[in-house]
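Good morning, and thank you for coming. Please look at the sequence and the structure on the screen while I speak.

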Amino acid sequence: MNRTILVLNGPNLNLLGEREPDIYGFESLEDIRIASERCAKTHGLGVDFRQTNDESEIVSAIQNARATANGIIINAAAYTHTSVAILDSLLACDIPIIELHLSNVHKREEFRHHSFVARAATGVICGFGAYGYELAVNAMAHLIAKADAS
Ligand code: CA2
């Protein structure tokens with residue numbers, strides 16, 4: 001059976017590589033998509049990699065993932081810290097969810113320390129830059145294999 005991970009990226013992440021490399025690194029989101037797909041392939045998994053600046057599109061993508069994906073990796077960007085709507089859609093999913101951030105949000109401003117997404121996540125990865133996406137794909141492969149075995 002084909003297994004797919006939805007990798008969902010929130011607002012402004014389309015600017016990666018263009019601004020603030022000291023915080024977010026030099027890789028573009030396209031570089032990250034390619035690395036994520038390559039990593040997923042080593043586990044026999046597919047990736048549905050998306051970015052949107054629109055909160056309602058994120059909610060709809062999460063709702064659709066209930067029928068089309070085996071796990072969700074989400075970097076909700078600024079919506080991480082504000083969106084109950086995204087949290088509610090994640091809570092309605094019974095597939096594994098990994099919260100991901102490029103930066104170590106706990107080392108940054110106070111308002112980034114709280115995450116609504118974390119309440120729905122199996123685990124959280126932050127502070128590893130673009131490499132965090134590969135860490136998240138590897139962790140998701142483990143969670144999907146565990147779910148398949150049970
Ligand atoms: O560290 C992360 O991955 C964040 O999710 C990134 C968000 C931020 O609001 C979160 O607190 C942590 C911001 C994404 C903005 O991305 C940019 C990339 C390049 C230039 C400007 C913004």
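Glu20 is placed in the loop between strand E1 and helix H1, which covers residues 21–24. What we are viewing is a predicted model. At 42% relative accessibility, Glu20 counts as partly exposed. Its backbone deserves a remark: the phi angle of Glu20 is near 50°, a positive value in a residue other than glycine. As background, most residues other than glycine have a negative phi.

Ala77 sits in the loop between E3 and H4. Is Ala77 buried or exposed? Its relative accessibility is 14%, so Ala77 counts as buried, the limit being under 20%.

Let us return to helix H1, where we find Tyr24. Tyr24 has a relative accessibility of 21%, and so it counts as partly exposed. Leaving out residues up to four places away in sequence, Tyr24 touches Leu16, Leu102, Ser103, Arg108 and Arg112. Tyr24 and Leu13 are 11 residues apart along the chain, and their C-alpha atoms are separated by 9.4 Å.

I now turn to the interior. In soluble globular proteins, nonpolar side chains tend to be buried together. In this model, the largest nonpolar core has 25 residues. Which residues have the most contacts inside this core? They are Ile5, Ile32, Ile73 and Tyr133. Two or more core residues are given by each of strand E1 (4–9), helix H2 (29–42), strand E2 (46–51), strand E4 (97–101) and helix H5 (131–149). Helix H5 supplies the largest share, seven residues. Apart from this core lies another, of 21 residues, including Ile72, Ala76, Val117 and Ala121.

Let us examine some individual positions. Tyr133, with neighbours within four places in sequence set aside, is in contact with Val7, Asn9, Leu13, Ile32, Ser36, Phe49, Asn75, Leu100 and Leu102. Ile73 belongs to strand E3, residues 71–75. Its relative accessibility is 1%, and so Ile73 counts as buried. Beyond residues up to four places away in sequence, Ile73 touches Ile5, Leu6, Val7, Leu8, Ile98, Leu100, Ala136, Val137 and Met140. Between Ile73 and Asp31 there are 17 Å in space, C-alpha to C-alpha, and the two are 42 residues apart in sequence.

Leu6, one of the residues that Ile73 touches, is found in strand E1. With a relative accessible area of 2%, Leu6 is buried. Neighbours within four places aside, Leu6 is in contact with Asp48, Arg50, Ala61, Ala65, Ala69, Gly71, Ile72 and Ile73. Leu6 and Pro96 are 90 residues apart in sequence, and 11 Å apart in space from C-alpha to C-alpha.

Next, the helices. Two packed helices are described by the angle between their axes and the distance between the axes. How do we describe H2 and H5 in these terms, that is, at what angle do their axes cross? The axes cross at roughly 25° and come within 9 Å. Angles under 35 degrees count as roughly parallel, and H2 is therefore roughly parallel to H5. The crossing in which H2 passes H5 is right-handed. On the side of H2, the contact is made by Ile32, Ala35, Ser36, Cys39 and Ala40, and on the side of H5 by Tyr133, Glu134, Val137 and Asn138. Sorted by class, these residues are six nonpolar, two polar and one charged.

Ser36 has a relative accessibility of 1% and so counts as buried. Not counting residues up to four places away in sequence, Ser36 touches Val47, Phe49, Tyr133 and Val137.

The last pair is helix H3, residues 55–68, and helix H4, residues 84–91, whose axes come within 9 Å and cross at roughly 5°. H3 and H4 are therefore roughly parallel to each other. Glu55, Ile58, Val59 and Ile62 of H3 meet Ala85, Ile86, Ser89 and Leu90 of H4 in this contact. The classes here are six nonpolar residues, one polar and one charged.

Thank you for your attention.

Technical notes. Residues numbered from 1 in each chain as written. Predicted model: local features only at pLDDT ≥ 70, side-chain atom pairs only at ≥ 80, totals over all residues. Heavy atoms only, no water. Core = buried A, V, L, I, M, F, W, Y, C linked by side-chain atoms within 4.5 Å. Buried < 20%, exposed > 50% of the residue type's maximum accessible area, 1.4 Å probe, protein only. Helix = DSSP H or I, 4+ residues; strand = E, 2+ residues; numbered from the N terminus. Contact = heavy atoms within 4.5 Å. Axes fitted to C-alpha atoms, helices over the stretch in contact; angles between N-to-C directions. Parallel < 35°, antiparallel > 145°, perpendicular 65-115°, else oblique. Left-handed = near helix turned anticlockwise from the far one by under 90°. Nonpolar A, V, L, I, M, F, W, Y, C, P; charged D, E, K, R; others polar.
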